[in-house]
Each structure stands twice: as structure tokens, then as C-alpha cells.
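Colleague: I have a new model on the screen and some questions about how it packs. Can you take me through it?

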Amino acid sequence: MRKKVFFAALLAILCAMSFSCSKISDDGDFVVTRINAHKIEYSIDDVQKTALIGNRRGLYNFMEEMVFLAQRGHRIVIQSENPTKASTKDVQSYNTRSRKNAIDWCVKMHEAGYTVELIYDEDAKTYHCKATK
């Protein structure tokens with residue numbers, strides 16, 4: 001009986017904490033706020049998507065997932081945070097057989113403000129990465 005009371009009290013505290021992290025807007029809807037999250041727009045085979053990334057580790061995990069999808073045959077494009085409409089473009093390419101090197105390069109280029117495109121060549125077992133600014 002003592003364990004059940006303890007568990008119920010713990011559950012009540014956790015529920016109260018989860019509501020304290022949210023705030024209710026004027027129309028009664030819950031709005032969950034997250035500090036330091038930034039929005040990343042990306043596409044998988046030209047289908048637009050959006051992700052919220054909280055920190056550098058989250059960005060690395062996101063890129064790891066994108067590299068995995070590229071390896072499965074998908075074309076991945078991750079938009080820069082501040083896309084520019086300049087007439088001249090800075091384009092950098094990187095080819096590697098290493099999954100980790102592809103992830104690291106994509107994270108580095110995204111953080112530098114580049115739009116990153118990622119394709120995996122199954123025949124050559126090579127990741128083709130292209131960054132455009």
C-alpha cells in the first residue's frame with residue numbers, strides 16, 4: 001500500500017511539473033514553449049518538412065538521421081537558416097565513404113550558413129555532399 005501511495009504522489013508531482021512548463025493562451029489552447037530551439041526547413045525527395053532543433057547535439061542527431069535516409073536512397077536538402085538571394089553562389093562539394101565524416105561535414109556547413117544537399121551513391125558506396133550559400 002505504501003508503494004502505491006508513493007507512486008500516486010510521484011505521478012501527481014510529474015503531472016503538475018508538465019503543466020507548469022506549458023502556458024495557456026487567451027483562447028484556452030496549450031502553447032508549449034522551448035528555449036533556444038531553432039527551426040530547420042528541409043526536404044526529403046522534394047517533400048518539404050520542418051524540424052525544431054534545441055542544441056548542437058540535436059543538430060548532429062538530426063544530420064545523422066538525414067544521412068541514414070540518404071543511404072536508403074532519398075535525396076536530402078537542408079535549408080540554411082538565412083537563405084540569401086545573391087546572384088553569385090558559393091558552392092562546395094565533399095565526397096566521402098565515411099558516414100561519420102558526411103555527418104560532420106553537413107553539420108559544419110549548416111552551421112556556417114550553407115544549404116546542404118546530400119545524396120548517397122549505392123554503387124560507389126559514397127556520400128555526395130554539396131553546400132550552397
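Modeller: One term before we start: buried means under 20% relative accessible area. Keep in mind that this is a predicted model.

Colleague: Are Tyr120 and Tyr127 buried or exposed?

Modeller: The cut-off for buried is under 20% relative accessible area. Tyr120 and Tyr127 both fall in that class. So the word for the two, by that cut-off, is buried.

Colleague: How is the pair of Tyr120 and Tyr127 classed?

Modeller: The ring centres of Tyr120 and Tyr127 are 4.6 Å apart, with 50 degrees between the planes. Planes under 30 degrees apart count as stacked, and those over 60 as edge-to-face. The rest get another name, so the Tyr120 and Tyr127 pair is tilted.

Colleague: How many aromatic pairs are there?

Modeller: Ring centres must lie within 6.5 Å to count. By that rule the number of aromatic pairs is three.

Colleague: What geometry does the pair of Tyr42 and Phe62 have?

Modeller: Tyr42 sits in strand S3 and Phe62 in helix H2, 20 residues apart, so by the strand and helix assignment the pair links distant parts of the chain. Tyr42 counts as buried at 11% relative accessibility, and Phe62 does at 8%. The centres are 5.0 Å apart and the planes 75 degrees, which is edge-to-face.

Colleague: Which element gives the most residues to the largest nonpolar core?

Modeller: That core has 28 residues, and Phe62, Met63, Ile76, Ile78 and Leu118 have the most contacts inside it. Among the elements supplying at least two residues each are strand S3 (38-44), helix H2 (56-71) and helix H3 (99-111). With eight residues, the top contributor is H2.

Colleague: Which strands stand at the edges of the sheet?

Modeller: Six strands form an open sheet, ordered S4-S3-S5-S7-S8-S6, with antiparallel pairing. The twist averages 20 degrees from one strand to the next. Two strands have a single partner each, so one side of each lacks a neighbour in the sheet: S4 and S6.

Colleague: What is the bridge partner of Tyr94 in S8?

Modeller: S6 covers 91-96. Six bridges join S6 to S8, and the two run antiparallel. Tyr94 has its partner in S8, and that residue is Cys129.

Colleague: At about what angle does H3 run to S8?

Modeller: Take H2 to begin with: it lies across S3, S4, S5, S7 and S8, at about 155 degrees to S5. H3 lies across S3, S5, S6, S7 and S8. Its angle to S8 is about 5 degrees.

Technical notes: Residues are numbered from 1 along each chain as its sequence is written. This is a predicted model: local features need pLDDT of at least 70, side-chain atom pairs count only at pLDDT 80 or more; totals for chains, interfaces and linings use all residues. Side-chain values use heavy atoms; hydrogens and water are left out. A nonpolar core is a set of buried Ala, Val, Leu, Ile, Met, Phe, Trp, Tyr and Cys residues joined through side-chain atoms within 4.5 Å. Buried means under 20% relative accessible area, exposed over 50%, partly exposed in between (1.4 Å probe, protein chains only). Helices (H or I, at least four residues) and strands (E, at least two) are DSSP runs, numbered from the N terminus. Rings of Phe, Tyr and Trp (its six-membered ring) pair if their centres lie within 6.5 Å; planes under 30 degrees apart count as stacked, over 60 as edge-to-face and the rest as tilted. Two strands pair if DSSP finds at least two bridges between them. Axes are lines fitted to C-alpha atoms, for helices over the stretch in contact, and angles run from 0 to 180 degrees between N-to-C directions. Contact means heavy atoms within 4.5 Å.
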